[in-house]
Amino acid sequence: MQSPRKLYLTIHNTLFFALWISVLYATISNFSNGKAAVFDATEQHTRCIQTATLVEIIHSAIGLVKSPVSTTFIQVTTRVIQVWMIWYSFPSNTASSYAYETLVFAWSCADAIRYAYLAFNVHGRCPGWLSWLRYTIFYPLYPIAWWVLKPLFWFLLSLYVPGAWNMYTYMIKQRRKILGGKRKET
């Protein structure tokens, strides 16, 4: 029988995997229809998902997961600030921006992979290819996110940049820790 912690984390991570896959699908499905179509199809859903991720700060703070509170806080709050203070407050500017669709694509790719990894990892049964993808995909996706944020979201960037290098180097260390050591057979 599973512990309540494992059951909760399995449900939580599987749910967020499904939510981010739905955002990724809506983003890709609407690329050909233009920026406004991507915005209309994804913004409210993405904003709700990002707001719901505030619970991950609590998970970290109470020790439910091993993630550092500071790293979790930076990533979650900068995204929540962005979806409410920029996307929600300035919808026409956001909808007309290439930055929006690029960022939503990067977030949904990274987070779908991350939550799939976490759902498997709760049980110690993550396939090697998914571990590799989880700890490698950030190399292109983080810089893409930084690049698209720069020209349009100076306020957010001023909040994000101080923590961005910390998060990026944290992921490099985690990659070395997970992929650099002796490989587990899965």
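How many helices and how many strands are there in the protein chain? I counted 9 helices and 0 strands. I noted that this is a predicted model.

**Entry 1: the chain as a whole**

I read along the sequence and wrote down the pattern α-α-α-α-α-α-α-α-α. I then looked up burial and found that buried residues make up 46% of the 186 residues in the protein chain. Next I took the contacts between residues at least 6 apart in sequence; 74% of these join residues at least 24 apart.

**Entry 2: α1 and α2**

I turned to α1, which covers residues 4-30, and α2, which covers 35-52. Their axes come within 9 Å and cross at roughly 165°. An angle over 145 degrees counts as roughly antiparallel, and therefore α1 is roughly antiparallel to α2. I recorded the crossing of α1 and α2 as left-handed.

I listed who makes this contact. On the α1 side I found Phe16, Leu19, Trp20, Ser22, Val23, Ala26, Thr27 and Asn30. On the α2 side I found Ala37, Val38, Ala41, Thr42, His45, Thr46, Ile49, Gln50 and Ala52. Sorted by type, the residues of the contact of α1 with α2 are 10 nonpolar and 7 polar, with no charged.

**Entry 3: α4 and α6**

I looked up helix α4 (residues 69-88) against helix α6 (residues 98-121) and found axes that come within 14 Å and cross at roughly 155°. The two helices are therefore roughly antiparallel to each other. The crossing of α4 and α6 is left-handed.

From α4, the residues Arg79, Gln82, Val83 and Trp87 meet Tyr100, Leu103, Val104, Trp107 and Asp111 in α6. I sorted the residues of this contact into 6 nonpolar, 1 polar and 2 charged.

**Entry 4: the cores**

Which residues have the most contacts inside the largest nonpolar core? I wrote down Trp20, Trp87, Tyr100, Leu103 and Trp107, in a core of 19 residues. I then checked where the core comes from: α1, α2, α4, α6 and α8 (138-152) each supply at least two residues. The most comes from α6, with 7 residues.

Leaving out residues up to four places away in sequence, Tyr100 touches Val38, Phe39, Thr42, Glu43, Thr46, Trp87 and Thr94.

Key: Residues numbered from 1 in each chain as written. Predicted model: local features only at pLDDT ≥ 70, side-chain atom pairs only at ≥ 80, totals over all residues. Heavy atoms only, no water. Axes fitted to C-alpha atoms, helices over the stretch in contact; angles between N-to-C directions. Helix = DSSP H or I, 4+ residues; strand = E, 2+ residues; numbered from the N terminus. Parallel < 35°, antiparallel > 145°, perpendicular 65-115°, else oblique. Left-handed = near helix turned anticlockwise from the far one by under 90°. Contact = heavy atoms within 4.5 Å. Nonpolar A, V, L, I, M, F, W, Y, C, P; charged D, E, K, R; others polar. Core = buried A, V, L, I, M, F, W, Y, C linked by side-chain atoms within 4.5 Å. Buried < 20%, exposed > 50% of the residue type's maximum accessible area, 1.4 Å probe, protein only.
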